[in-house]
Every structure is written in C-alpha cells, then in structure tokens.
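Thanks for coming, everyone. I'll walk you through one structure. Please have the sequence and the model open.

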Amino acid sequence: MKNYVGRDIPDYLLVNGKEVYQGKNYMDGKLIKKASPCTRRYEKPQESKIVETLADALKLCGAKSGMTFSFHHHLRDGDFVVNMVMKAAIEELGLEDLTIAATSLGAAHDPVAEYIAEGKVVGIQTSGIRGKIGEVVSKGLLKTPAIVRSHGGRPRAIEAGEVHIDIAFIAAPTSDCVGNCRGIGGKSNCGSMGYAMMDAKYADHVVVVTDCLVDFPNMPASIEAIDVDAVVCVDSIGNPKKIASAAARISQNPRDLMMAENVAKVIASTPYFKDGFSFQTGVGGPSLAANLFLEKYMDERGIKMGWAIGGICGPMVEMLKKGKVGKVIDVQDFDLDAVNSINQTPNHFEMSASQYANPANKGAFVNKLDFVVLAALEIDTGFNVNVLTGSDGVLRGAPGGHPDTAAGSKCCVIVTPLIRGRMATVCEHVVTVTTPGDCVDVLVTDYGIAVNPLRPDLIECLDNAGIPHVSIESLKEKAYGLVGRPDDLQWEDKVVAILEARDGTILDVVKKIKPYTLD
Amino acid sequence: MIIQKPAVAGTLESSDALVSIEPGDGKIELTLTSSVMNQYGRQIRETVLETLDRLSVTDAKVSVVDKGALDCTLKARVECAVFRSCDASEKDIPWGGVIR
C-alpha cells in the first residue's frame, strides 16, 4: 500500500493495527493506554546492589533466550557496554534469540554483527545503525527486519508496549552502590543521560554498568536507584577519547560558512526570529556554523535566544555563558565543553528522550521549537530527507531526532552541499524516506535556496528580505548536470529494515540490495 | 595510440580516480571498482571506454579505482595514463585535438 510520501509498504507488514504514514499529526488526539513493566519488590532494606560480574547481574534478572535488552548511546563511538553485555549473555550464559533495543548503534558495536550472522541476535531496534551491523542487516542476515525509529518514536513505542524491554542496561559514568547514576564525576563522562531515562522506567529489570563507584547518594541522579535491580562495576565502560571529542570546532570551510550565513539570513527573515526564540542545530559543519552567523543577527536586532535544545556542544554552551541564550535543555552531549557544563552552568538542564521528542506525550520540547537546522544525506524534490541509507542502499545512518524536530518546529531548515563527490544530494527520489517532506520547510545548498511550496508564508518572508530562491527541481537538475543522472538501485524483495515514522506508522522500508553487476 | 608500457594517473583521494594502464592481449580489458558503483558504474565504464576510443586505444588492460570522480576527472585521468604509457605526456599534447 502506498503511503503519504509515495512509498510502497508491503501489506504483510500492516498487521496488528500498523498503518502506513498518513501525513504529520495524523495521530493527534488519539487515546493511548500506556504499557507497564513487571518489576520486583525490594522491600527488605538492601545495603548494596553490587554484583560481581555482568553474568551475575544477568542471572539475577532472570535473563533467558528470546529476551529484549536495551542500551543507550551516550558513550557514542567509545561505548564498551553493549559488547560486554552481549558477550556475557551469549558466550557465558549461552543465550540466543536476543533482541537489542538501542537508542543508537555504531562502529563501536561491530562485534554484534558476528552475533547477528550466527543467529544469536535476531532483532534490532534502534535510532541509528552504522558500521558492520548496518552491513550484515543490509545483507539480510538478521532474522527479523530491523526497526528504525526516531529519538521521539522510540519512547513512544516503549510507552505503547510495542517494545517491551526485559532488561535495560545503563552505562553510567558514576553510580553509587544502589544505582543512582550520573553522567559526570567519573572517568568516562558523557554528561546528559537523557536517552536512558525511559528505559529505566519501562524495563522489567535495570542493570547499571559503571566504572566509577561513588558514595551514596549520587545526586542529583539521572537514573534513580528506585528503578535499579543490580549494579556492576567494570574496569572501563568506554574510551573517553571517543565518548566526547575535544571542543567541537566551527568549520573554516568557506563553502560551509557561505551556506551557514544563508541559513542565518533565512532564519532572520521569518517572524519567528524575535526575542526569546528557540533553536536547535545539528553538529555538522554548516549546521553548527549557523550559530556564529545567527549571533550576528541577534546582536544587530538586540534580541536573545530564549532556549536551545538538542544534542549540545561547546558553541551553544559558550552562548549560554555569554547570556545570549536563556536556557539550554540537553538530551545528549557531544563534546567536553558540554559534558562539563550540564547541571553545572546555571540554566543548563538535562531532559529525557520523551521530554525531548516523543509525539505521543502531552507536549515534548520539539513542539515549542521555532527553528531547527539539520543536515541530510539526500533530499528529493518532494523535500523528503534521507539520513539512513547510503547511495549503495546500505544502512549507515541515524534518523536520531531529525524527524521529530522537523515535525515539531515552525521552521525546519535543511543545509547541505548540492553534491558530495559524485553523489547528488538533491535528487529525484531519496533511497529511503526518513523525514517526510511535509515536515521540511527550507533547503539551503551551496548552489541556491529552495522553499517548500507548502510554505507560501516563508516564500513571502524570503521575498520581502530580498533573499533569492529557486525551485528544488532546478537544484536537482543542476546537481544531475554536474554528476550525471544516477541509475536506480536494484533491490530484492526481502525487507531488511522497517522505517517507522515518529507516530508509529510505516514511513518506508529498506530492502536487501541486489549484488551489482555491470552487465 | 599504442600502449607501450605500464602507466598510472590519478589518486585514491575522494572525488578522484586511480587509472592504471598496460599493454593488452589484442583488446580492451577493463576492471572497474567504484565507491558509487550502484548508481554510476555503467556511466563510468562508458566514459572510460569512450575516452580510450577517442584516443584510438584498442589494445590495453585498464584498471580504474574510482572514488566518486566526476566525468571530467575520469576523462583527464584516462588521457594522462594513456599519454604517459606512450611517453607522450611531457610535451606536444594535442590540446583541442583528441584532448578536448
């Protein structure tokens, strides 16, 4: 069945009330019954919940084959916890048929690809899929299609009971003996632990994995002891060098800077750009550089940013410290400046993934967002964005909060170069739709700006400000003129991944790619 | 042109291609790998074969390792490899002739 963005969704996936994507806000007003976990009472006072090994913790939680384990990705490419847990479960306890429900998976988790190929891991649910896991899933080696959700879609699915977490594993930079966790104060600091918060509340069992035990009580706790079954202290939960980079630097690339300047111009031309406006930006080159130019316009008009959300990095913290932004609310930290600032700098707060982006709660932060600036691997003439699959059809990306912020914000700006190498970023049809075009408002490229025809109000803003813009079709033709028109990818019938829209409908599917031959 | 000895041109940098050429067994034998194979493999092959044809190369083993080069880059790398293999890359390059 064709969905709202023209993607053909196989009928056999449309069971148990699953629907195809019908456009944004389709589920608005719908009543939901929240799922609830089945948790154990620890009525008798416990001095400590510390157990010796991960295997002990797994046994304590009644780990068995067929279970779903959840993880969060604040340790990013430095994470050791997913691999340690899966190794203990599969190689020490001999478990199989396991499902991993993670907030994101990347190159740090390459060893899991082996467990997928062996059939020990049979399900993957994630908001990002990269590295070898992406490759084996694309080859069709995972027993069930991977389910990819946005950062807001994931807590929605957990609340709805579509993902039932048997055991949640919390990678904690610090914990006390009963499981109060914080993202700072240890040797592998990550700052915000926002993505893990829902998991701790909705999992049947919660295991804290830390490499730095601190005195009770570890306050203010991101994950609270009231939800924790066991605490395991390991040598190291991650490689600090890969958890948080040194300060994210603003690009010096003149192409990035030109695009960033145009992004700021577009933002400054809209009525939403007034004192107290709200903002989120990605950390990619041109997205981050937009901060710099925006500051100039803010000074010119004598206005301040009310609040900023997101994955946070140094330049935003800098603006907070300078008093140019009122509050920063943070679900993840990308660099040491941000890690060292959260809950330390006044008005730098932590939030959960649900508070950030969940479309099924009573009002996430993204719903109050004026502007979001995002990148794209590809964007097509329907303004649909792909941030998941590469040009060869292989899974190697992460929707993350992209679809959530695009849908919630009043003005979503995509900034991307027109071509990357020989790849046309602006194209006729994206490989996979990860953010639907009805949520995307403006495209800024190095060859021109295009406004979604669904937003005549923004077209008028740009015209009034004298900002030239063109049709997205003409940008696509310009791109194809430079790189040539690409051949269509060739797919087999097998669905290897299901891409859920943030509201739980099916936005797109990724199929197994056919081996390529020249003849 | 007659390929007289092995020669290479280009790099493995992103947006470039490494073209190697050596004397053949009476025909054109092309091996091609590309970072954009699925979408541009055919077009890259056509561009390489057309360029060889324009230079009247009919007997060569050619290997192209493409890293997402544009057509103009591919043509230039193939032309350069061919001219180097004939020791003809130092001077008197036929700009505006077969090189265009």
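First, a definition. A helix axis here is a line fitted to C-alpha atoms over the stretch in contact, and angles between axes run from 0 to 180 degrees between N-to-C directions. One more word before we start: this is a predicted model.

Let's begin with two helices. Two packed helices are described by the angle between their axes and the distance between the axes. Take helix H2 of chain A, residues 81–92, and helix H3 of chain A, residues 110–117. Their axes come within 9 Å and cross at roughly 30°. Angles under 35 degrees count as roughly parallel. So H2(A) is roughly parallel to H3(A). The crossing of H2(A) past H3(A) is left-handed.

Which residues of H2(A) and H3(A) make the contact? From H2(A), they are Val82(A), Asn83(A), Met86(A) and Ile90(A). From H3(A), they are Pro111(A), Val112(A) and Tyr115(A). By class, the contact of H2(A) with H3(A) has six nonpolar residues, one polar and no charged.

Next, the sheet. Chain A has an open sheet of eight strands, in the order S14-S13-S12-S11-S15-S18-S22-S23. Its pairing is mixed. Strand S14 (348–350) and strand S23 (448–451) of chain A are the edge strands, and each pairs on one side only. On average, neighbouring strands of this sheet are turned by 20° against each other, ignoring direction.

Now zoom in on one pair. In chain A, strand S11 (residues 277–281) and strand S15 (residues 371–374) run parallel, joined by three bridges. Phe279(A) stands opposite Phe371(A) in S15(A). A helix packs on this sheet too: H8 of chain A, residues 254–268. H8 touches S15, strand S18 (411–415), strand S22 (442–445) and S23 of chain A. The direction of H8 makes about 150° with that of S22(A).

On to a single residue, Val317(A). Find it in helix H10 of chain A, residues 314–321. Is Val317(A) buried or exposed? The cut-off for buried is 20 or more other C-beta atoms within 10 Å. Val317(A) has 26 C-beta neighbours inside 10 Å, so it counts as buried. Leaving out residues up to four places away in sequence, Val317(A) touches residues including Ile312(A), Val328(A), Ala338(A) and His348(A). Asp438(A) is 121 residues from Val317(A) along the chain, and their C-alpha atoms are separated by 32 Å.

Last, the two chains. Their contact takes 14 residues from chain A and 16 residues from chain B. On the chain A side, seven are nonpolar, four polar and three charged.

That's my tour. Over to you.

Technical notes. Residues are numbered from 1 along each chain as its sequence is written. Chains are lettered from A and ligands numbered from 1 in the order in which they are written. This is a predicted model: local features need pLDDT of at least 70, side-chain atom pairs count only at pLDDT 80 or more; totals for chains, interfaces and linings use all residues. Two residues are in contact if their C-beta atoms, placed from the backbone, lie within 7 Å. Ala, Val, Leu, Ile, Met, Phe, Trp, Tyr, Cys and Pro count as nonpolar, Asp, Glu, Lys and Arg as charged, and the others, Gly among them, as polar. Two strands pair if DSSP finds at least two bridges between them. Helices (H or I, at least four residues) and strands (E, at least two) are DSSP runs, numbered from the N terminus. A residue is buried if 20 or more other C-beta atoms lie within 10 Å of its own, exposed if 12 or fewer, and partly exposed in between; C-beta atoms are placed from the backbone. Angles under 35 degrees count as roughly parallel, over 145 as roughly antiparallel, 65 to 115 as roughly perpendicular and the rest as oblique. A crossing is left-handed if the near helix is turned anticlockwise from the far one by less than a right angle, and right-handed if clockwise.
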